[in-house]
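Hi everyone, thanks for coming. Let me put the structure up on the screen, and then we'll walk through a few parts of it together.

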Amino acid sequence: MRTPPRQIELAAVTGASAGAANAVMAAAMWCEDWSETRDDDPDKNIFHDAWAAVGIEELLPDRPSAYTAADGLLSAAPLEEAIRRIRTLLLEHGPRFRPGCAVSIGLTVTRDRPQERQVAGVRAGTQRFVIPWRFEVDEQGRPRVVAAALPPDRGSAAAQLLLGEPAGTSGIGSLLTSQAILASMAFPFAFRARDLCDCATSCPDENVVSDGSCEGPDFGQSITSLSCDRLPPPESRQLCRRSYIDGGIFDNAPIGLAVDLAEASGAHPPPFSPITYLIVDPDYRRSAPQASDSSASGLARPARLIANLVGTARDTELARAIRDERWERTTQSTLAEAAQLQTEAVGIQEEMARIAGASDGDRPKLRLELLRSPRREALGRFLLRCLGDLRRAAERGADPETLQLGDCAEPLRDGTAGASERNARPLPPERIVELADALAAVFVASGRRAEQIISELSGAAMPLDRQLRLLAFVHDISTIAVTSFRFLIGEIPRIIGSDLSATELLQLRRNLLARAGGADRLLRATAAMLHVLVSAVLLEEGQGTLSPTAAQARDLLATGRDPDMQSEPLRSMARGSDRIAGLVALAPRLRTLSARQQSIATNVAQLSATDAVERQLILSRRFSPLGGGQLLNFSGFLDRGLRELDFYLGLYDAAIQIAAHDCQIQGPYPVAGRPPPMFRSDAPLELDPGAADTQRCLGQALQMFVDHLQLRRSARATFVIATLAKLELAASLGSRSAAERLLREASWAWLGDPKLPPGDQIGPALAAVTSRTAPCRAGDAESLCLTDLTFDELLEALRRAGFKSESAPMRDALADSERWAAGTAATLLDRTAVMEMHSSSYSPDALSDTFLAGLGLGELWSRRVHGFSGGPAFLLDPSTIPAQSSPGAGPVLLAAAHLLPYRVSLDVARGGVAFSWLEPTLRLLPSLSIDSIANVLDVDGTGRVSSTFGLMPTLLRGRAALGVGAQWTLPWSGVVQAPGVVGRIAWLQDRLAVTGGVRSLSSGHRQAVVMLSVSDLNGLVYWLTLWRAR
């Protein structure tokens, strides 16, 4: 995109969360000098390097000392380092930039406390705020970020923050830029909130900044000498410090802010070229399997509801912007919708003629293949001659009925139009304008007569034979008009890039919009034709004599009292005649077309205004599942290989979508040996991805961009592009065999079969995320679309693919996901406890105690799962008491917890109680262990004291454990008897158990043993009480 001359202008970039940093990078990269190459390497560039190093080991470190006092659940240091890299590369020691380049930037942030407004006594709070900037380059090529206040009439103006600017710098400076980005990225609870100092017109006294100092991007750092002197009016503004978090909470895709910034920048695209807004969001897929709407049950239902509510909240502003702004009301989309509507109207004309018997089933229809190259070139010249003749006749005042319309219409229906042309070339742009002028002139000149013809068709006094003669005329003129209109719309992509002047383009636009808005005449004529044909069939089936019911039905139609064809007499006739029933069934379709035409006419009226702004919304969609798409999009932090994979997946999606755009604007003609794509019959300006010619165009366009960007110098990029392109080709065509045939052609054969260097983990990672497929649509014979994986499915797929992780947490997850999850949960709970108990606002009230009790229960669960999973491993002490003191509990309380018994057992058969402090366990497998019996103090019902020791192989199945083993009872006084045999069933992570058996196999000592026990008692006491003591 840096190669001059550019065909597009980047007016604004907006982002929230990590998108805030990406927005700044995108604006800077856009302004790079044409000759700059430092970021051209697919494997090493700022977009890759900024995020690839951010991993879970740095975000969630094992060492408490790695956190700062202000950190949240995760350490902010990796993000601060990433922003520091961006700041250094772009704003302090950046590449060469083009003097005079400027791009608007917008960030969203969320204030930690609502700002209230009162209107007529009603309070309304808002927490969403926007930061409008502009990245600009001065005459010496030095970049800077400056505040760019939005005009008061823009929707986001009331929520904008104008940050204080440091003295002695140009703009807001790199440190303040970094701080604002980090504020937008501060995901709630995970990262700490950030202070921003804005120049507000009102500020609470406790937030007023008097020393010009505000928090910097690094912990303990301050930005000094801030003031509002350069922001008008300075006398009414004061520096105000408030805390902000993730901008994506209410506005995850700030498209409304992008509209305000782009249109406030003064961008004025030429005719037929709307302002295009692109949303890049990894949540959206293309060629994804049809989702099943499975209803949740139990606790899953409220969980899904909460997830949906959170998602809706994050897209609140996006929904508002899409609802309020005039999206997709562009000249091209309106013309395409009008063309489709008119084609459907002509199709209804042909269908009613067939049903009525006015034509046989073999009558030629509108031949859409004429609109495709190589027939299209000849069709253009045929239409130019026909419309030229009709225009000249209309200008002479000739009666349209006397014209030989069939000479033009019949070749269009039988497919012979332009057949005499040899080696025809596309019409030059000036001839396209001439064709559009002729079409407009014909319909303007014949407008009055056309209305008379419609009146005659609808007139009750008009003879039926006269009305039937007019049907052929209406059908002919409809065929000519609709074919010409569709032809002209298909020329728009080529016209946009032509040398036509703005005046000529505006005239062409006016002519086409007038034709789109005037389709109501076609629909009224079609409705009148339907009434005439129903009347004719009533007469024909009555053999010239109408029954009373038929006469009444015909009279209601002729006098206009049954415009919707719903009267009971007509319905009665339809029940007895298939032909009448078939004709009546067409009426609702015409009514639907009429409603659509009203919407089109409204759009035409808005677009015809000279100052109308055209907006087009494009949603970037990914093809493949992501390596980082699980765990709320956090799974990528587990391993650098997954983050690297997602980078190259994005590279492929960008390349293939640019190729698709290039084929779309190529239009219906071949270019430089590249075949023309096929467009959808129901959407004339949208590509038909299931057509082989479209895929041939895409293959060659993709090759052009891959070579232009020199992506093939990267083995990883080459491998990922080739792999995904083959998969998407099959999914688009709906057939693996069809894809294989195309892959042997030159348009796709260039992909080849690239290999990765030995040991490169991109290959196994890509194989894993693309391992699950499903039918793209219900009823498809082949499973060709890729399905998103759950986290457990991703781990299993990575294991099967032989993925080797370079990250310890990912290796743990691959080895035993349950153990890893429990260990990670314990770490997160520990960190949460630190945040709560070391908070400056902590107070031991009921709410805080309840929260800490919940954390304690979480610690009990997670530590037990972690200790009881995996293997082989030896546990001297299986209790959940931590090895080191938890926050709030000193070493004395930790030692006190160990004085409590690990297990207490009650003998319900003979009375007695037993205590155990340590029960060493050997974990052989996740499902098999050898547990010990170590009741150091065992008091039976008679008061005799002994100790009991033994071994018990235990099998774990689901949530229960079953063990059988031998135990020896060693009386503190008396004779040691032979060992006994016992079995144990345990639940709730082995915390509750029932033990049964015989105490000894010695004759005369075979007493039954039935014991109820509670284990991890010391852990329970510690995590529910002692650890919170201060």
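Let's begin with a pair of helices: H10 and H11 run roughly antiparallel to each other, because the angle between them is about 160° and anything over 145 degrees counts as roughly antiparallel. Before I go on, please keep in mind that this is a predicted model. To find the pair, look for residues 375-395, which form H10, and residues 406-414, which form H11. Their axes are 10 Å apart, and H10 passes H11 in a left-handed crossing.

So who makes the contact? On the H10 side we have Leu-379, Phe-382, Leu-383 and Cys-386, and on the H11 side Asp-407, Cys-408, Pro-411 and Leu-412. Seven of these contact residues are nonpolar, one is charged, and none is polar.

Just after H17 comes Gln-543, which has a positive phi of about 55°.

Last stop: disulfides. The whole structure has seven of them, and I'd like to show you one, between Cys-199 and Cys-228, with the sulfurs 2.1 Å apart. Cys-199 sits in strand E6, while Cys-228 is in the loop between strands E9 and E10, so the bond ties together parts 29 residues apart in sequence. Its S-S torsion is about -95°, which makes this disulfide left-handed.

Terms used
Residues are numbered from 1 along each chain as its sequence is written. This is a predicted model: local features need pLDDT of at least 70, side-chain atom pairs count only at pLDDT 80 or more; totals for chains, interfaces and linings use all residues. Side-chain values use heavy atoms; hydrogens and water are left out. Axes are lines fitted to C-alpha atoms, for helices over the stretch in contact, and angles run from 0 to 180 degrees between N-to-C directions. Helices (H or I, at least four residues) and strands (E, at least two) are DSSP runs, numbered from the N terminus. Angles under 35 degrees count as roughly parallel, over 145 as roughly antiparallel, 65 to 115 as roughly perpendicular and the rest as oblique. A crossing is left-handed if the near helix is turned anticlockwise from the far one by less than a right angle, and right-handed if clockwise. Contact means heavy atoms within 4.5 Å. Ala, Val, Leu, Ile, Met, Phe, Trp, Tyr, Cys and Pro count as nonpolar, Asp, Glu, Lys and Arg as charged, and the others, Gly among them, as polar. A disulfide is a pair of cysteine sulfur atoms within 2.5 Å.
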